[in-house]
Amino acid sequence: MFQTLYSYFWWERLWLPANLTWADLEDRDGRVYAKASDLYITLPLAFLFLVVRHLFETYVATPLARLLNVKEKIRLKATPNAVLEKFYAATTKHPKQADVEMLSKKSGCTVRQVERWFRRRRNQDRPSLLKKFREASWRFTFYLIAFIAGMAVIVDKPWFYDLREVWKGYPIQSMLPSQYWYYIIELSFYWSLLFSIASDVKRKVGCGSGALWGQGGRCGDVLAGFSLPSWWVSGTSGLGGCGAEILETRGVWGRWGIMHCTVVYPLDLYPAFFGYYFFNFMMAVLQSLHIFWAYLIIRMAQKSDREETDNSEEEEEAAAKNGPLSNGHPVLNNNHRKTD
């Protein structure tokens, strides 16, 4: 059963143009071709990246945070409450007014106390400022190095300037050592992010693997080279820069440049086959995700990214002592008679 599925999966007519076989991609005459087995090395390298990341965040990012005066904000913790905690974990972190009133009756707390509890509980789940700084510093450093290395690898290649060169001789295109290690290191890094997915943002692994395994090295080079440097995006705190990156570079160039290269140019060389449709389907999915991410980023940019605080609680206490407040300050009584 397994052998049958294996044979169907590696059927040459799925992944190669007509009149080509896997034998045509065997290493010979000093020419080395990409193989699926090359991906195995990325797994141990991913664990090595996790070790390097830990050392970097401990001995580089943390001292840098202190140097830049990045401090942790003291957060008030929510008082343990089984009723509210169960609703928070199982239903929603943002209860509606009807839910608040219902929880007030069940928990024996006032409506104001329930609202304050959920506000503090949400703040407890927010990543700390130092954690954000460490992660951003690590990604900034990696993407900066990867961008410089990627440009150094591709800048002297003809397909960097003429996208038709991407498909010249495809798929019988030998893998250059610089291409091989660039892909291996990039994939290892993304695997490391996948292993730490509980605390990190999800990243794309499948497209890079497909580019290397599917003999799409040149196309992957161009896609990586013409994306606006991710190191810059990781190093900027504003959502506007990230949105511009996705909208402009990955939206405009990705749609009209890379998509045109992968959809139109191959048909000049050979009839469409399954691998052609599969690769372009993955590209279309990735493009759709970029548009969706851009939409989410624009929505986030319209809202304040400030952490929720207990200002309302402080205002209530201040109002009891000093009278009503406006924007956190006492309201002045200007109804007194003006003296000459």
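The following dialogue explains how to read several features of this predicted model.

Reader: How many helices and strands does the protein have?

Author: Helices (H or I, at least four residues) and strands (E, at least two) are DSSP runs, numbered from the N terminus. In this protein there are 14 helices and two strands.

Reader: Which residues make the contact between helix 4 and helix 5?

Author: Axes are lines fitted to C-alpha atoms, for helices over the stretch in contact, and angles run from 0 to 180 degrees between N-to-C directions. Contact means heavy atoms within 4.5 Å. Here the axes of helix 4 (residues 82-90) and helix 5 (residues 97-107) come within 9 Å and cross at roughly 145°. Helix 4 contributes Val-83, Leu-84 and Phe-87, while helix 5 contributes Asp-99, Met-102, Leu-103, Lys-106 and Ser-107.

Reader: Is Arg-121 buried or exposed?

Author: Buried means under 20% relative accessible area, exposed over 50%, and partly exposed in between (1.4 Å probe, protein chains only). Arg-121, found in helix 6 (residues 111-125), has a relative accessible area of 14% and is therefore buried. Beyond its neighbours within four places in sequence, Arg-121 is in contact with Ala-78, Glu-85 and Tyr-88. Arg-53, in helix 3 (residues 42-67), is buried because its relative accessible area is 12%. Of the 340 residues of the protein, 36% count as buried.

Reader: Which residues form a nonpolar patch on the surface?

Author: Patches are made of residues with over 30% relative accessible area and no salt bridge, with like charges joined within 9 Å and nonpolar side chains (Val, Leu, Ile, Met, Phe, Trp, Tyr) within 5 Å. A salt bridge is a side-chain nitrogen of Lys or Arg within 4 Å of a carboxyl oxygen of Asp or Glu. Accessible areas come from the Shrake-Rupley method with a 1.4 Å probe; for residues, only the protein chains shown count as cover. In this structure, Phe-281, Val-285, Leu-289, Phe-292, Trp-293, Tyr-295 and Leu-296 form such a patch, with about 640 Å² of accessible area together. Phe-292 lies in helix 13 (residues 274-302), and its relative accessible area of 45% makes Phe-292 partly exposed.

Methods
Residues are numbered from 1 along each chain as its sequence is written. This is a predicted model: local features need pLDDT of at least 70, side-chain atom pairs count only at pLDDT 80 or more; totals for chains, interfaces and linings use all residues. Side-chain values use heavy atoms; hydrogens and water are left out.
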